[in-house]
Amino acid sequence: MAENMETILSPWETEAFIEHFQALPLEEFGTKRWFEHHKVLMLLNQQSVLEISSMREESVKELFITFQKIPVLIYEAIQIEIWKHKVFPMLIEINEEPSNTFILFSVFYHEELAVSLLENVLYHSETIETIDDCILDLIDYAINNITHLLFGKKQELEINDRTSSCLQELLEKWSELEFDIGIKCISILRYLSEFANNLPLCALSRMLCTHDLPYLLCQLIESKPWTKLINGEKFCYDGKWEKVNFSEEDKICKTEGQVWFGLREILLNPNCAPYYEITEFRLSQFLKLQKFLHEHVLDQIPPLLDLRKWLSYLNVTSQASNAQRPINVEMIPEIRSTIMDKHNKKWKKLAKNQSKTLFTKNIDEIKATAQILSESYDMNKLDIVDGKKCFLCKNTAKKRCSKCKEAWYCDRECQVKDWNNHKDFCTKIEQFKETND
């Protein structure tokens, strides 16, 4: 018999967590209160992913809108980014080698969780109205991460041959998380492009005039950082690197689709045109896109036909736009500057204070932190959130075997058909669990 998929948080827990969700200051990083806060963010992210993947009502999204907590997520992401570059190197300088990775990793991972939730909730246009002035901070944050995705180098510290495997592992995790955050920021900017008509003029101007988002998206199409070749085999990134079957090599992956949709929405939107002059340089960059708009791309994303027609028109006219730009009073993003000003010349003091908790070697303190995080890292819950495939037909699975809890199926019919193959494995798993209980 198969077991229905569970839930991560009850409705009342979800509402209570979001209603009281507040960013904690940098001074509290590594404290018991901060790890409790981290656990809440992780559980909310898991619940959001579960609601989306199982096509349930998105209560997490609705509550973040109702309680106007999306700016808190933006603040959390920016604050961790600042901590990584200002405090973390000093922590390593002071303490040299961490004795474990999971405490420090939790701080790095906190940023990824905040961005993941932002990606989920910003899929819906009504979220734009609750961001207020933080929209500028979000745009700058997303642009910075995509720029790093394109042109940044792997994270490095001044380390020597005696560097511990813990620190090396942590630096690897840092790079992996930054890559994933960059990919998520592509989706975020695609959504902002799609909802351009709902954005304040200062946000539109910042995307187009200050950061030249269309040019950045063109660079993404050319470099395709979400794909790589290993020993002649193609791999594509969608939350993790997966090998692409030969028969699907021409298939447009999700991230590339997001870039194309973002380009189409921002370039063909009449409301964006007054803020974006087509200079000769920009024209040369846009015309490079034509070679990527093959028939197999248009077959998969038919709306791109309009973009190809627009590019053809640019190619024929070969004229840069001389349209008069409207007068716009530019606003300044505040979150980053507020955090930087507050802690100016105090980074080393922060690092010394956080060394006591983030680099603790006290076994009791480490166990207490692990206990706080144990609920959010519960493997049963992670199994529920992680997209499972049916053991028989390989489609998305919604149920799992109630005996061994290791086999997943999309429905009762597939489970019955697979029983002859699964029963021996199921019995062995049960026996193994009984002997190790």
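I started with R206, which sits in helix α9, residues 201-210. For helices I took DSSP runs of H or I with at least four residues, and for strands runs of E with at least two, numbered from the N terminus. The model is predicted, so I kept to pLDDT of at least 70 for local features and 80 or more for side-chain atom pairs, while totals for chains, interfaces and linings use all residues. Residues are numbered from 1 along each chain as its sequence is written, and side-chain values use heavy atoms, with hydrogens and water left out.

Is R206 buried or exposed? I found R206 buried, because its relative accessible area is 10%. My cut-offs were under 20% for buried and over 50% for exposed, with partly exposed in between (1.4 Å probe, protein chains only).

Next I looked up which side chain R206 touches. The side chains of R206 and D140 are joined by a polar contact of 2.7 Å. I count a polar contact when a pair of N or O atoms lies within 3.5 Å; within protein, one must be able to donate a hydrogen and the other to accept it, and residues adjacent in sequence count only if both atoms are side-chain atoms.

Then I checked the rest of α9, which is mostly covered, with seven of its ten residues buried. Those are C202, A203, L204, S205, R206, M207 and L208. The buried residues of α9 pack against α7 (134-151), α8 (165-194), α10, α11 (254-268) and α12 (280-287). Contact here means heavy atoms within 4.5 Å.

**Entry: positive phi**

After α9 comes D212, and its phi is positive, near 50°. I noted K224 too: phi is about 45° there, positive although K224 is not a glycine. K224 lies in the loop between α10 (213-223) and β2 (227-230).

M55 is another non-glycine residue with a positive phi, near 55°. I located M55 in the loop between α2 (32-53) and α3 (59-66). M55 counts as exposed because its relative accessible area is 69%.

**Entry: the sheet**

I traced three strands in an open sheet, ordered β2-β3-β4, with antiparallel pairing. At the edges are β2 and β4 (241-243), each pairing on one side only. Two strands pair if DSSP finds at least two bridges between them.

How many bridges join β3 and β4? I got three, in the antiparallel sense, with β3 covering residues 233-237. For C236, the bridge partner in β4 is E242.
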